Amino acid sequence: MVEIRHQYATVRGHRVFYREAGPREAPTLVLLHGFPSSSRMFRHLVPALADRFHVIAPDHLGFGNSDAPPVDAFTYTFDSLTDITEALLAQLGVTRYAVYVQDYGAPIGWRLALRTPDAITAVITQNGNAYEDGFVPDFWKPVWAYGEDPGPRTEPAVRGALSLDAIRWQYLHGVDRPELVDPDTWTADHREVNRPGNDLVQLALFRDYAGNRPLYPQVHAYFRERRVPLLAVWGANDEIFGPDGARAFARDLPDAEIHLVPGGGHFLLESHLDTVAGYIRGFLTAAGAPA
């Protein structure tokens, strides 16, 4: 069995949980999770890669086993979550790494790349947008409305995303074999995002999400200038970030490797782990890292 280390670090006064596996002298791969999950979404991917890679998967503040300070003690924005991730990597001595982003992990990953472009050796995006393409309107319309005008008129629609049914839907929609998806995923996520005060944390991030979109032109320029190796592996049936979000990367990175996985949804690792892990190993080999 691969040894997975479950660890904590104090980062800017906050306790941050992270999973770590693989030899520390190996090429590093940083895994950044999305909403409403945590590094738990990588619980099976980490051992599948840790034979040849040094894998680090943190929980963002407000998620999983990391601290969840109240909104009056921490400003929950994607900038501030990036600050914590950047400081954690610095404490761990990680200066060069490939990054895997999904959902919320994407805007954090893009900020890391813009801040220290020389640090990023490769990018893997799994249902993590960097373009206007792929935002499925039915899902995102209430998020945009809440960001533009937060208040009693727009809040109920986004607050509904914290319900058990909504979180279960995130895991099961578009999945051709739902029996492969562990129900512990959505029950654990629901429990964690509904801890006392955590609803306000999640609402703050919903409000801030629209602020990621003006960053996209800078991200596209980074892609064109740096030609960073990029793998987009996407659940083809995702009704949050649709397949056009994956295809869009080819506009600025013509050599991007793009795979739309049939029968996969938003949380692709739950149903198609071996497929994704295989693509990652092949991609990182081509990008120059051993696999």
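Student: At what angle do helix α2 and helix α3 pack, and how far apart are their axes?

Tutor: Happy to. This is a predicted model, in which local features need pLDDT of at least 70 and side-chain atom pairs count only at pLDDT 80 or more, while totals for chains, interfaces and linings use all residues. Residues are numbered from 1 along each chain as its sequence is written, and side-chain values use heavy atoms, with hydrogens and water left out.

Helix α2 spans residues 78-91 and helix α3 spans residues 105-115; they pack at an angle of about 65 degrees, and their axes lie 9 Å apart. Here an axis is a line fitted to C-alpha atoms, for helices over the stretch in contact, and the angle runs from 0 to 180 degrees between N-to-C directions. The helices and strands are DSSP runs numbered from the N terminus (H or I of at least four residues for helices, E of at least two for strands). The crossing of α2 past α3 is right-handed, that is, the near helix is turned clockwise from the far one by less than a right angle.

On the α2 side, the contact (heavy atoms within 4.5 Å) is made by Phe-78, Asp-79, Leu-81, Thr-82, Asp-83, Thr-85 and Glu-86. From α3 come Pro-107, Ile-108, Arg-111, Leu-112 and Arg-115. Sorted by class, this contact has five nonpolar, two polar and five charged residues. In this sorting, Ala, Val, Leu, Ile, Met, Phe, Trp, Tyr, Cys and Pro count as nonpolar, Asp, Glu, Lys and Arg as charged, and the others, Gly among them, as polar.

Glu-86 sits in helix α2 and counts as partly exposed because its relative accessibility is 27%; buried means under 20% relative accessible area, exposed over 50%, and partly exposed in between (1.4 Å probe, protein chains only). Leaving aside residues up to four places away in sequence, Glu-86 touches Leu-112, Arg-115 and Thr-116. The C-alpha atom of Glu-86 is 9.4 Å from that of Ile-108, although 22 residues separate the two along the chain. Asp-83, also placed in helix α2, is partly exposed because its relative accessibility is 24%. With the same exclusion of residues up to four places away in sequence, Asp-83 touches Arg-12 and Arg-115.

Arg-12 leads us to a loop, the one between β1 (4-11) and β2 (14-21). Its phi is positive, about 50 degrees, although Arg-12 is not a glycine. Arg-12 counts as exposed because its relative accessibility is 56%.

Asp-103, however, is buried, because its relative accessible area is 5%.

Now to another neighbour of α3. Helix α9 (residues 216-226) has Tyr-216, Val-219, His-220, Ala-221, Tyr-222 and Phe-223 as its buried residues. These pack against α3, along with β6 (120-125), α8 (198-209), β7 (230-235) and α11 (249-252). Not counting residues up to four places away in sequence, Phe-223 touches Trp-110, Ala-130, Tyr-131, Val-228, Leu-230, Phe-249, Asp-252 and Leu-253. Tyr-100 and Phe-223 touch the most other members of the largest nonpolar core, which has 95 residues. Such a core is a set of buried Ala, Val, Leu, Ile, Met, Phe, Trp, Tyr and Cys residues joined through side-chain atoms within 4.5 Å. Just after α9, Arg-227 takes a positive phi of about 50 degrees.

Finally, the wider setting. The UniProt record, an unreviewed entry, annotates residues 27-272 as "domain: AB hydrolase-1"; its positions are given in the numbering used here, feature names are shortened, and annotations may be inferred rather than shown by experiment. Over residues 27-272 the chain is 39% helix and 13% strand, with the end C-alpha atoms 24 Å apart.
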